[in-house]
Amino acid sequence: MIDPARPRDLPPTDGAGGSVATLAPMDVAGRADRVRASMAEAGCDGLVVTNLTNVRYLCGFTGSAGLAWLGPEELVLITDRRYTDQSEAETAGAGVDVRIEITNELPKDLLVAASAGVGRIGLEAASVSWADQRRYADWFEAAELVATVGVVEGCRQVKDEGEIARMAAAAAIADATLGEVAPMLADGPTEKEVALALDSALRRRGADGSAFATIVASGPNAALPHKRPSARLVGPGELVIVDMGAVVDGYRSDMTRTLAVGEPDPEARRVFDTVRDAQRLGVEQVAAGRAIAEVDKACRDRIDADGWADAFVHGTGHGVGLDIHEQPWVRATATETLEVGHVITVEPGVYLPGLCGARVEDTVVVTPTGPRPLTTTPKELELPCG
Ligand code: ZN
Ligand code: ZN
């Protein structure tokens, strides 16, 4: 039953009661030229964009099928008849100069016509199947096909003010959601019940959805870094890893807190204290011009010092944006340096198989004056309260 007194088309909120329309605008129109500059470095003059997140980045289209052609002069979006109205509305809303073509057939003729005269055509190697590659080789027989990696993704690393505003809104929703839901841990729920409550509250608070499959892992399950929520009951004194995020206008947040109902045993407490300290030291390394590997090293050295080097079984973090995991990767082998506008996670963890685990994670923006964490829930074992 719909309440007739309820206004239609409630605006999406930014977690503070506002609307996405009130957030800083994004410069979507400027992206094509930045990608063109990267295309030149990658050795191609036109790019067939098949990764749908990259399509969205270039023109604002959010449909589940389609591709884009980015040529020297023109951006073309090709999608099917399900998206006739949506593609026009979304690209106009993004303020992008794009030619839209609608077809329910293979886009051979459209792509061949759009790319006429272009000698080197890039394909996105990470999103083109072997079968697709053979088909494109047939379609573009007059051109040289170039396998490219990360051309658009590289441009996506540095976020503008509007992108950061959306991620901040997502993080604010996640903070409020965890504060609302965490007290239920005291009732001894299943992990699945907690995850469901988090996912539901994220949407109720204005998120478009969860940023990824929410993780709630308690007791020995917390020793498995990416454990799916199970029917296990959360017990007193156990460490509980909650890893969650929200999506606002396509942009994601990512936060992990380790919680406990009551005081855990001394070993588990020591694991948590070490991880929290390591995470703080990692965030302190976040600065423009700093080698990304230094962030990883700061976390890893602190965990090594307590004898748990082998129990930190993953990289320290990753970029976040339209995808939950994107460039740059925060790990020991990283060779890049941080830039203003990068948004990364810092998320060390220690996992003791069969016993317990802890992870603490923030989403952090690199600003000219240092790190700006978007996720702000206190890093305490005690349950936050909404
Ligand atoms: Zn996470
Ligand atoms: Zn993460």
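**Salt bridges and domain contacts in the predicted model**

The structure holds 30 salt bridges. Side chains of opposite charge can pair when their charged atoms come close. One such pair is formed by Arg-99 and Glu-74, with an N to O distance of 2.6 Å. These partners are 25 residues apart and link distant parts of the chain, Arg-99 being in strand β4 (residues 99-102) and Glu-74 in the loop between β2 (67-70) and β3 (75-79). Arg-99 has a relative accessible area of 32% and is therefore partly exposed. Glu-74 falls into the partly exposed class as well, at 29%.

Helix α9 (residues 266-284) contributes Arg-276 to a further pair, whose partner Glu-380 belongs to the segment after β19 (370-373); parts of the chain that are 104 residues apart in sequence are thus tied together. The N to O distance between the side chains of Arg-276 and Glu-380 is 3.1 Å. Arg-276 is partly exposed, with 23% relative accessible area, and Glu-380 is partly exposed with 39%.

Asp-277, also in helix α9, is paired with Arg-302 of helix α10 (residues 292-305), and this pair links distant parts of the chain, 25 residues apart. The closest N and O atoms of the salt bridge between Arg-302 and Asp-277 are 2.7 Å apart. Relative accessibility is 21% for Arg-302, which counts as partly exposed. For Asp-277 the relative accessible area is 22%, again partly exposed. Salt bridges with shared partners also join Glu-263, Arg-269, Asp-273, Arg-276, Glu-380 and Glu-382 into one network.

The chain is divided into two parts, domain 1 spanning 31-156 and domain 2 spanning 161-373. Their C-alpha centres are separated by 34 Å. Contact between the domains involves 8 residues of domain 1 and 8 residues of domain 2. The size of an interface is often given as the accessible area lost when the parts come together. Between domain 1 and domain 2 this buried area is about 640 Å², and carbon and sulfur atoms give 39% of that area. On the side of domain 1, the residues that lose the most area to domain 2 are Thr-53, Arg-56 and Arg-156, which together account for 62% of what that side buries.

Polar interactions across the interface of domain 1 and domain 2 comprise 6 residue pairs in polar contact. There are also 3 salt bridges across this interface. Arg-156 forms a salt bridge with Asp-323, in which the closest N and O atoms are 2.9 Å apart. The elements of domain 1 that give two or more residues to the side touching domain 2 are α2 (52-59) and α6 (151-156). By class, that side of domain 1 has 4 charged, 3 polar and 1 nonpolar residues.

Several local backbone features were also examined. The peptide bond from Gln-327 to Pro-328 is cis, with omega near -5 degrees. Pro-328 is part of strand β14 (residues 326-330). Asp-249, a residue other than glycine, has a positive phi, near 55 degrees. Its position is in the loop between β10 (246-248) and β11 (251-252). With 27% relative accessibility, Asp-249 counts as partly exposed.

Ser-200 is located in helix α8 (residues 191-204). This residue is partly exposed, at 41% relative accessible area. Ser-200 and Ser-210 are separated by 10 residues in sequence and by 8.9 Å in space, C-alpha to C-alpha.

Note on methods:
Residues numbered from 1 in each chain as written. Chains lettered and ligands numbered in written order. Predicted model: local features only at pLDDT ≥ 70, side-chain atom pairs only at ≥ 80, totals over all residues. Heavy atoms only, no water. Domains from an automatic or database assignment. Contact = heavy atoms within 4.5 Å. Buried area = accessible area lost by both parts, 1.4 Å probe. Salt bridge = Lys/Arg side-chain N within 4 Å of Asp/Glu carboxyl O. Polar contact = N/O pair within 3.5 Å; in protein donor to acceptor, adjacent residues only side chain to side chain. Helix = DSSP H or I, 4+ residues; strand = E, 2+ residues; numbered from the N terminus. Nonpolar A, V, L, I, M, F, W, Y, C, P; charged D, E, K, R; others polar. Buried < 20%, exposed > 50% of the residue type's maximum accessible area, 1.4 Å probe, protein only.
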